[in-house]
Amino acid sequence: MAVSLYDASIPGYVLMLKNLAALLDKAEAHAKASGVDPATYLDKRLAPDMATLTGQIQLASDAAKSGAARLAGVTPPSFPDTETTWAEVKARVANTIAFVESVDRAKVDGDPERTVELPLPGRVLKMTARDFLFQFSLPNFHFHVVTAYALLRAAGVPLGKVDYLAGSRPEALAA
């Protein structure tokens, strides 16, 4: 049975973006309950050479919207990395979800062997759409979402693995 690139990408991007939004909601509630401004989380980073929480959210957004767009052969929306507030990073996630949900199934599933070009500094990486999805796009996207989770967890937000996996689906959390 052939794997649908749409089924292997779009629902997963959307689910994890919604889970990321739920992580941000939980972090915001925790901050308020603790008398902390949630914006203090935005500059957290795991290591000096890693992006901040804001950067991880921007990179997760870019990975999802660009991944979906490249798979569909369309131009992704431009979201300049200008977010500086809690409301702005939350809006970035919501806007990314809206775009990814709008991507046409038929365009993504068109031809899994078509060439996808990924511009990198100094060169262009070329691969099949299938390889792009499984070897680059999904791993890159999940790296940034899990790093955002880790930053919030390290900042004291009471998150667990279930929040990462099913935070946007309370029904999945019920025993």
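At what angle do helix 1 and helix 5 pack, and how far apart are their axes? Please walk me through that pairing and what surrounds it.

Reply: A word of caution first: this is a predicted model. Two packed helices are described by the angle between their axes and the distance between the axes. For helix 1 and helix 5, the angle is about 10° and the axes are 11 Å apart. Angles under 35 degrees count as roughly parallel, so helix 1 is roughly parallel to helix 5.

Now the residues. Helix 1 brings Leu5, Ala8, Ser9, Gly12, Tyr13, Met16, Leu17, Leu20, Leu23, Leu24 and Ala27 to the contact. Helix 5 answers with Ala129, Arg130, Leu133, Phe134, Ser137, Leu138, Phe141, His142, Val145, Ala148, Tyr149 and Leu152. Sorted by class, the contact has 18 nonpolar, four polar and one charged residues.

Next, helix 1 itself. Helix 1 has 29 residues. From its first C-alpha to its last, helix 1 reaches 42 Å, close to the 42 Å expected at 1.5 Å a residue. Just after helix 1 comes glycine 35, with a positive phi of about 70°.

Look at the core now. In soluble globular proteins, nonpolar side chains tend to be buried together. Here the largest nonpolar core has 47 residues. Tyr13, Leu53, Val100, Phe141 and Leu152 touch the most other members. Helix 1, helix 2, helix 3, strand 1 (115–120) and helix 5 each supply at least two residues of this core. The largest share, 12 residues, comes from helix 1.

Take Leu152 as an example. Leaving aside residues up to four places away in sequence, Leu152 touches Leu23, Leu24, Ala27, Tyr41, Leu53, Trp86, Val157 and Leu159.

Buried in helix 3 are Trp86, Val89, Arg92, Val93, Thr96, Ile97, Phe99 and Val100. The buried residues of helix 3 pack against helix 1, helix 2 and helix 5. Helix 3 covers residues 86–102, and its 17 residues should span 24 Å at 1.5 Å a residue. Its end C-alpha atoms are 25 Å apart, which agrees.

Aspartate 62 touches Gly67, Asp81 and Arg92, not counting residues up to four places away in sequence. Buried means under 20% relative accessible area. Aspartate 62 has 21% relative accessibility, so it counts as partly exposed. The C-alpha atoms of aspartate 62 and leucine 24 are separated by 17 Å. Along the chain, aspartate 62 and leucine 24 are 38 residues apart.

How values were computed. Residues numbered from 1 in each chain as written. Predicted model: local features only at pLDDT ≥ 70, side-chain atom pairs only at ≥ 80, totals over all residues. Heavy atoms only, no water. Helix = DSSP H or I, 4+ residues; strand = E, 2+ residues; numbered from the N terminus. Expected span 1.5 Å × (residues − 1). Buried < 20%, exposed > 50% of the residue type's maximum accessible area, 1.4 Å probe, protein only. Contact = heavy atoms within 4.5 Å. Core = buried A, V, L, I, M, F, W, Y, C linked by side-chain atoms within 4.5 Å. Axes fitted to C-alpha atoms, helices over the stretch in contact; angles between N-to-C directions. Parallel < 35°, antiparallel > 145°, perpendicular 65-115°, else oblique. Nonpolar A, V, L, I, M, F, W, Y, C, P; charged D, E, K, R; others polar.
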